[in-house]
Amino acid sequence: MGDREYIITGGYCHPPSDPASSTHARSRFKGKSIIVTGGAGNFGKACALRMASEGAKVALFDLVDPSKAKEEIQASNPGCTVLGVQCDVTKNDEVERAVASVKEAFGRVDYLFNNAGYQGAFRPLPDYPPDDFRRVLDINVSGVFHVLRAVSNVMKSQEPQGGSIVQTASMAAHSGPPNMVAYGSSKAAVHHMTRIAAKDLAPHDIRVNSVSPAFTGPGFMWTRQVELQAEAGSIHYDKDPKVVAQQMIGSTPLRRYGSVDEVIGPVTFLLSDDASYLTGIDIQVTGGMN
Ligand SMILES: NC(=O)c1ccc[n+]([C@@H]2O[C@H](COP(=O)([O-])OP(=O)(O)OC[C@H]3O[C@@H](n4cnc5c(N)ncnc54)[C@H](O)[C@@H]3O)[C@@H](O)[C@H]2O)c1
């Protein structure tokens, strides 16, 4: 499944060849520290790489062993400090221990990319498996809450207090995509949690924002979406994945999917002081869909 690409041509506009170089050279995060959840995955590793390249110490949390991602980040950024912590975000005690270990190692936690997530099954609502619904909500809502709570307590108690947090929601939070009742509902909760947390944490100089990516590629994350929507068999998408790819891209004003780097640019913007007067907002990284 991962080998097939469903390339769409004819986009109105093409991604920059090196999005990381499209803004001025930076060291916005020099000497600071970040926890990245889902750190072994696509967005998590890309965010960690960008943060390390701008001087941050990075802690990768993931359910799977993040050693490979850690080695990659260290190889691209010689001398940077990277911790890999295997941790299940659905388990609050594991999260508390993992966050405490980062505070111990780094002295403070300045940033959080609260990003671990699970997409779940693609089925029309009457067929949606209840166990999978619970699992999606457990990871995407309770897991995000556990990490947000533990990290914000550290940010609140450190001297000087404060920090900046970005959570990964999704366009599914806004659009209500067919066949994704668990995922769409869970990401709507992340979006709402962000707005509430921004108010609760503002007195402690902690900003909380979110990003809502839509179609992102290339590779497995794109082909999985396309093939599972085709397999789900609904009136909304064709049964042929090639046609589904065209339907998806056709609904995107820029007529292409976004790259991982094009999602991480807005993430690091929101984390940084460039966004110092922004809290409780969501950036829809969607090529113009809304
Ligand atoms: N890729 C997309 O097209 C897309 C679009 C919108 C939103 N998102 C969201 O972006 C985030 C990252 O997605 P990605 O594309 O990098 O996916 P990915 O599968 O590459 O990364 C997700 C990571 O989360 C980890 N994870 C899952 N359950 C966990 C748990 N219980 N505890 C700790 N870690 C756990 C996984 O092991 C994985 O490494 C997710 O929240 C996803 O829902 C992705």
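Me: What makes Leu201 and Ile206 contacts of Ser152?
Reply: Contact means heavy atoms within 4.5 Å, and Ser152 has Leu201 and Ile206 in contact once its neighbours within four places in sequence are set aside. This is a predicted model, where local features need pLDDT of at least 70 and side-chain atom pairs count only at pLDDT 80 or more, while totals for chains, interfaces and linings use all residues. Numbering starts from 1 along each chain as its sequence is written, and side-chain values use heavy atoms, with hydrogens and water left out.

Me: Why is Ser152 called buried?
Reply: Buried means under 20% relative accessible area, exposed over 50%, partly exposed in between (1.4 Å probe, protein chains only). Ser152 comes in at 8%, so it counts as buried. Ser152 sits in helix α4, residues 130–157; helices are DSSP runs of H or I with at least four residues, strands are E runs of at least two, both numbered from the N terminus.

Me: How do you know that β1 and β4 pair?
Reply: Pairing takes at least two bridges found by DSSP. β1 (residues 33–37) and β4 (residues 111–114) have 3 and run parallel, so they pair. Ile35 stands opposite Leu112 in β4.

Me: What order do the strands of the open sheet take?
Reply: The 7 strands go β3-β2-β1-β4-β5-β6-β7, with parallel pairing.

Me: Why do β3 and β7 stand at the edges?
Reply: β3 (82–86) and β7 (282–285) each have a single partner strand, so one side of each lacks a neighbour in the sheet.
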